[in-house]
Amino acid sequence: MRHCKMLLLSLVVLLAPQVWSQQKPMLEDLKKEAMQEIDRRQAFTQQMVDQIFSYAELGFQEYETSRYVTGILEKNGFKVERGIAGIPTAWVATYGSGMPVIDFMADLDCIPRASQKPGVAYHDPIVEGAPGHGEGHNAGEAVNVTAALVLRELMEKYKIAGTLKVFPGVAEELVGTKAFYVRAGLFKDADIVLGAHVDDSFGTEYGQSFAPQGLVSVQYFFHGKAAHAAMAPWDGRSALDAVELMDTGWNFRREHLRLQQRSHYVIINGGDQPNVVPSEAAVWYFFRELDYPHIKDLYDLGNTMAQAATMMTGTTVTRRLVGSAWPPNFSRVVAEAQQKNIERIGMPTWSEADVTLAQALQKEIGAKVDGLKTKVDALKPPSPATEMGGSDDIADISWVAPTVYLRYPANIPNLPGHSWANGVAMATPIAHKGTTAGAKAQALTALDFLLSPELVKQAWNYFNNVQTKDLKYTPLIAPDDQPAIELNKEKMEKFLPELRKYYYDPTRYKTYMEQLGIQYPTVRK
Ligand SMILES: [Zn+2]
């Protein structure tokens, strides 16, 4: 279907070059106009970055953030569908009609215990113990929405055909949703998917690149029998024993697993008190490997270990898959187009204050002190299998449509990740300028594909004949697995009343730092 329509579109363009060029400015002029329009919206972009930073919502609990972002999109002519794929905080915002369909994806959620005052180069939480944007996901929607609003304006003004769809990466920190998005068929009509993720560098990549590992995230719940631990221990069956034996078994087996695997666990329920034999206990595992068959093997082995632990302890086990991700497989055709745009845009101009903040934070945490990056990255080819990284469920989308993942320069280099330190720059001029640069890269790349059906065709040829030639997508989620939308509910409810007091109010303050009374930059004397 797609390719018939594509062929037709190409024919129309071929047969009517005159009409095409008369009706629309050249790509080059459109790109210039898009860059100017994005620069004109710097205050809007900054407000979005700051507003979402102040919401600080954990995965599956992004209610304020989603209400805010969809509100902006609706006000600007996008049609919003909420609760997609059975996830209350997920949505899709659509503008335009016809081919090509360009999808935008960026995450929303934050990190537990990462609350941090922006612009302060040492640990100083806004709310002690509360979640915070210790990964910088607060900037992603500002990147994509700024780009999408400018594209919408240009498409309307110059009657450019095509459809824009904006998606949120709900619960990315739990790798919890995108496999369900794919299962719900949300990318069936996608021509190109442009993801964006915060970084300290400006670049893009193709193939199995930035983080070559996929994973299954699964919780095992052991069920035993309670008894008085002193008076009648023989009547009890300890679910905690099962957890410990599973972990011990796994740690012995680890020696005989491939070096490429990474597995980690936390005990999420260890019982209530020592004089009660724990009838319930639970452990949460991440099983990571380089490709689908190996991830699947590791997951099967985990299930066997859990079963074995029940046999040793006279307990039973149930499990809940709470996340999954394939290893990424990004489009070379789209990445090459994006790379040209990145090089054209260049790095933001950092002020002395920006560099002072970066160096002070790097010194504070004992990292290499080299300030902020000043050059864009070269196009990154696929990583060797030995280069390990985290996982990201955008990877699942990269196996069903030509996808790239822009890294935009909105944070400080050499940080530990998933920590308060990664939140320091995320509502400062470093994040604001990096987000504007990211929005330009997204808009310019979208224009490349909106204006060239031939380029869309090339991306699909590459997708079908190279990217997915030898390996096709098989979901790691089973048909009866459901999104773990109950996660983080209690954690979020505990902190909401305090966090609400610090929501950013752009009608009263130009920036969030101004609202918090922060001198930029605040560094140790
Ligand atoms: Zn992330």
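Which residues coordinate the zinc ion? I looked, and Glu135 (OE), His137 (NE2) and His197 (NE2) do, at 2.0 Å. Donors here are N, O and S atoms within 2.8 Å of the metal (3.2 Å for Na, K and Ca), and water is not among the atoms, so sites may look incomplete.

Notes on the ground rules. This is a predicted model, where local features need pLDDT of at least 70, side-chain atom pairs count only at pLDDT 80 or more, and totals for chains, interfaces and linings use all residues. I count residues from 1 along each chain as its sequence is written, and side-chain values use heavy atoms, leaving out hydrogens and water.

I wrote the donor spacing down as E-x1-H-x59-H. Glu135 sits in the loop between strand E3 (101-107) and helix H6 (140-157), and His197 in strand E5 (residues 192-199), so the pair ties together parts 62 residues apart in sequence. Helices (H or I, at least four residues) and strands (E, at least two) are DSSP runs, numbered from the N terminus.

Buried or exposed, what is Glu135? I found it buried, at 15% relative accessibility. His197 is buried too, with a relative accessible area of 14%. Buried means under 20% relative accessible area, exposed over 50%, partly exposed in between (1.4 Å probe, protein chains only).

Then I checked confidence. The protein chain averages a pLDDT (the predictor's confidence in each residue, from 0 to 100) of 94, and 94% of the residues score at least 70.
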